[in-house]
Amino acid sequence: MPPLPSEVWKHFRKSADKSTASCLLCSATIQLHCGTSNLRNHIKFKHPSVDNKKASPDVSKQQTLHQVFAPRPSSSETINQALANFVVQAYVPMIYSADKTRNCE
């Protein structure tokens, strides 16, 4: 049984000599080299809004440098933010005392 054609072909038309394919979305001519990688890459980078989940098995998006090296909150900032969210959402009164020896009962 021959393999099923790739889903990416719904966006391309193969040329008569079968060495290129033209994009039905932008009329670009893409070289064919023993597979559909060039076609998938064209759709992925030139037409990212096209639903190509079936056309490309690896749809995971690589993080940008800004995402990788973005400043991250320290653990104390995360804990402070979580505590503040808890106080606000649960209407818990905050008791603050400058006297560290005082025992709140």
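1. Surface first. The protein chain exposes about 9,300 Å², and carbon and sulfur atoms supply 57% of that. Accessible areas here come from the Shrake-Rupley method with a 1.4 Å probe, and for residues only the protein chains shown count as cover. Of the 105 residues, 18% count as buried; buried means under 20% relative accessible area, exposed over 50%, and partly exposed in between (1.4 Å probe, protein chains only).

2. Ground rules before going on. This is a predicted model, in which local features need pLDDT of at least 70 and side-chain atom pairs count only at pLDDT 80 or more, while totals for chains, interfaces and linings use all residues. Residues are numbered from 1 along each chain as its sequence is written, and side-chain values use heavy atoms, with hydrogens and water left out.

3. Overall layout. The protein chain has three helices and three strands, and along the sequence they follow the pattern β-β-β-α-α-α. Helices (H or I, at least four residues) and strands (E, at least two) are DSSP runs, numbered from the N terminus. As for contacts (heavy atoms within 4.5 Å), take those between residues at least 6 apart in sequence: 25% of them join residues at least 24 apart.

4. The sheet. Three strands make an open sheet in the order S1-S2-S3, with antiparallel pairing. S1 (12-14) and S3 (29-31) are the edge strands, each with a single partner strand, so one side of each has no neighbour in the sheet. On average, neighbouring strands are turned by 30° against each other, direction ignored. Two strands pair if DSSP finds at least two bridges between them.

5. S1 with S2. Strand S2 covers residues 20-23, runs antiparallel to S1 and is joined to it by three bridges. Arg 13 has Ser 22 as its bridge partner in S2, and Phe 12 stands opposite Cys 23. The hairpin of S1 and S2 has five residues between the strands, and Lys 18 there takes a positive phi near 60°.

6. S2 with S3. Three bridges hold this antiparallel pair as well, with Thr 20 opposite Gln 31 in S3. The S2-S3 hairpin has five residues between its strands, and Ser 27 in the turn has a positive phi of about 70°.

7. A helix across the strands. Helix H1 (residues 37-46) lies across S1, S2 and S3, and runs at about 140° to S3. For that angle, axes are lines fitted to C-alpha atoms, for helices over the stretch in contact, and angles run from 0 to 180 degrees between N-to-C directions.

8. Cys 23 and His 11. Cys 23 is found in strand S2 and is buried, with a relative accessible area of 3%. Leaving aside neighbours within four places in sequence, Cys 23 is in contact with His 11, Phe 12, Ala 28, His 42 and His 47. The C-alpha atoms of Cys 23 and His 11 are separated by 6.0 Å, although the two are twelve residues apart along the chain. His 11 sits in the segment before S1 and, at 11% relative accessibility, also counts as buried.

9. Leu 25. Beyond its neighbours within four places in sequence, Leu 25 is in contact with His 11, Ile 43, His 47 and Val 50. Leu 25 and His 47 are 22 residues apart in sequence and 8.2 Å apart in space, C-alpha to C-alpha.

10. Charges. How many salt bridges does a search of the whole structure find? It finds one, where a salt bridge is a side-chain nitrogen of Lys or Arg within 4 Å of a carboxyl oxygen of Asp or Glu. Glu 7 forms a salt bridge with Lys 10, the closest N and O atoms being 3.9 Å apart. Glu 7 is partly exposed, with a relative accessible area of 36%.

11. A nonpolar patch. Leu 65, Val 68 and Phe 69 form a nonpolar patch on the surface, with about 350 Å² of accessible area together. Patches are made of residues with over 30% relative accessible area and no salt bridge: like charges are joined within 9 Å, nonpolar side chains (Val, Leu, Ile, Met, Phe, Trp, Tyr) within 5 Å. Phe 69 lies in the loop between helix H2 (65-68) and helix H3 (75-90) and is exposed, with a relative accessible area of 67%.
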